[in-house]
Amino acid sequence: MGAGHGHGHGHGVSAAADRKLLSWALALILAFMAAEVVVGFAAGSLALITDAAHMLTDAAAIALALIAIRLSARPPAGGFTYGLKRVEILSAQANGITLLLLAAFFVYESVRRMIDPPEVEGGLVLITGVVGIVVNLIATWLISKANRSSLNVEGAFQHILNDLFAFVATAIAGLVVLLTGFARADAIAALIVAALMLKAGIGLVRDSGRIFLEAAPAGLDPAMVGAELCAVPGVVEVHDLHVWEITSGEPAVSAHILVSEGLDCHDIRGRIETLLAERHQLTHATLQVDHASADVQAAHCSDSHGEVHRPVPDVTAADTGPDPATAHH
């Protein structure tokens with residue numbers, strides 16, 4: 001019997017660099033958010049107040065991301081054998097849920113203002129919207145340079161990117177109000193922002209939920225992996241095959257593999273680890289390799305978790321009987 005384990009998790013941007021980039025973005029957003037709240041109430045603009053509330057969630061998202069990066073960098077200890085890596089996923093899920101709740105509130109408020117539109121200062125809305133576009137472009141650029149393969153950082157990025165789109169809509173609404181006096185344009189802009197928040201929130205909740213439920217990484221079919229392992233010469237069965245993500249960007253795999261009697265388990269395990277790493281970037285692998293004796297099969301196959309994979313029989317050489325064209329009469 002043999003067990004193998006290998007892993008190599010590397011990202012293009014260090015955690016220290018991520019923290020620095022996120023900290024700069026956080027300072028920029030907090031400064032502008034304070035100014036926008038004042039202007040929003042002065043102008044009577046729901047779009048600006050919506051943007052300010054969204055920026056508050058931006059700030060919270062970045063703060064959560066910073067805390068999560070620090071916690072996830074701690075080494076495993078005690079009962080937390082993977083460390084606190086999934087704090088990042090908790091952060092991403094909190095960001096997604098916040099976006100969904102805010103989207104619901106602003107849809108309600110937008111519809112109410114569509115029915116009974118208040119007076120809106122179009123000039124103030126336009127100026128603040130343009131400044132907001134510049135601020136969010138800088139913040140988006142800063143976070144885009146961080147490690148976005150982390151769902152945690154991606155959650156903060158989605159917040160900022162949605163806020164950028166929101167300010168574009170707000171600036172257009174301010175221009176429409178200023179030129180035409182159509183006050184409902186402000187509520188329409190807020191409705192567009194709410195739709196963008198809804199889209200981003202659903203994506204974050206879905207992706208973080210997949211990791212918490214230990215689903216296979218998106219785009220990776222465990223059945224295909226099982227078939228590929230069975231195609232390795234000497235493998236007669238693969239079961240208890242599990243593919244999941246420890247945290248975003250860190251996939252892992254485990255399996256129980258049975259090989260023909262008399263073969264070298266260590267050699268086959270090495271070939272399987274190479275296959276998993278090269279074809280699927282599954283470098284964190286824990287494999288139990290046994291000879292396919294009757295005792296082993298009886299002990300494990302009757303209680304395996306998930307699908308049992310076996311090599312596909314080669315039917316190309318099957319006996320189909322004599323060729324009628326060459327048969328003797």
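In the predicted model, strand E3 (residues 250-259) runs parallel to strand E4 (residues 285-291), and seven bridges join the two. Val259 stands opposite His291 of E4. Between E3 and E4 the chain passes through helix H8 (residues 265-280). This β-α-β crossover is right-handed.

E3 also pairs with strand E2 (residues 235-247). Here the strands run antiparallel, with nine bridges between them. Trp244 has Ala252 of E3 as its bridge partner. Two residues separate the strands of the E2-E3 hairpin, in which Gly249 adopts a positive phi near 85°.

E3 is largely enclosed by the rest of the structure, because ten of its ten residues are buried. Both faces are covered. One side carries Glu250, Ala252, Ser254, His256 and Leu258, all buried.

Among the helices, H4 (residues 122-144) contains Thr128. Thr128 has a relative accessibility of 9%, under the 20% limit, and therefore counts as buried. Not counting residues up to four places away in sequence, Thr128 touches Phe32, Glu36, Val39, Leu48 and Phe167.

The second largest pocket has a volume of about 220 Å³. Helices H5 (151-180) and H6 (184-212) each supply at least two residues of its lining. The lining is made up of Leu151, Glu154, Gln158, Leu161, Asn162, Phe165, Leu196, Lys199, Ala200, Gly203, Leu204 and Asp207. Six of these lining residues are nonpolar, three are polar and three are charged.

Terms used. Residues numbered from 1 in each chain as written. Predicted model: local features only at pLDDT ≥ 70, side-chain atom pairs only at ≥ 80, totals over all residues. Heavy atoms only, no water. 1 Å grid on protein atoms, 1.4 Å probe; cavity = no way out; pocket = protein on both sides within 12 Å on 5 of 7 lines; lining within 4 Å. Points joined across faces, edges and corners; volume = space filled by probe spheres on them. Helix = DSSP H or I, 4+ residues; strand = E, 2+ residues; numbered from the N terminus. Nonpolar A, V, L, I, M, F, W, Y, C, P; charged D, E, K, R; others polar. Buried < 20%, exposed > 50% of the residue type's maximum accessible area, 1.4 Å probe, protein only. Contact = heavy atoms within 4.5 Å. Pairing = 2+ DSSP bridges. Right-handed = clockwise from strand over helix to strand, strands pointing away.
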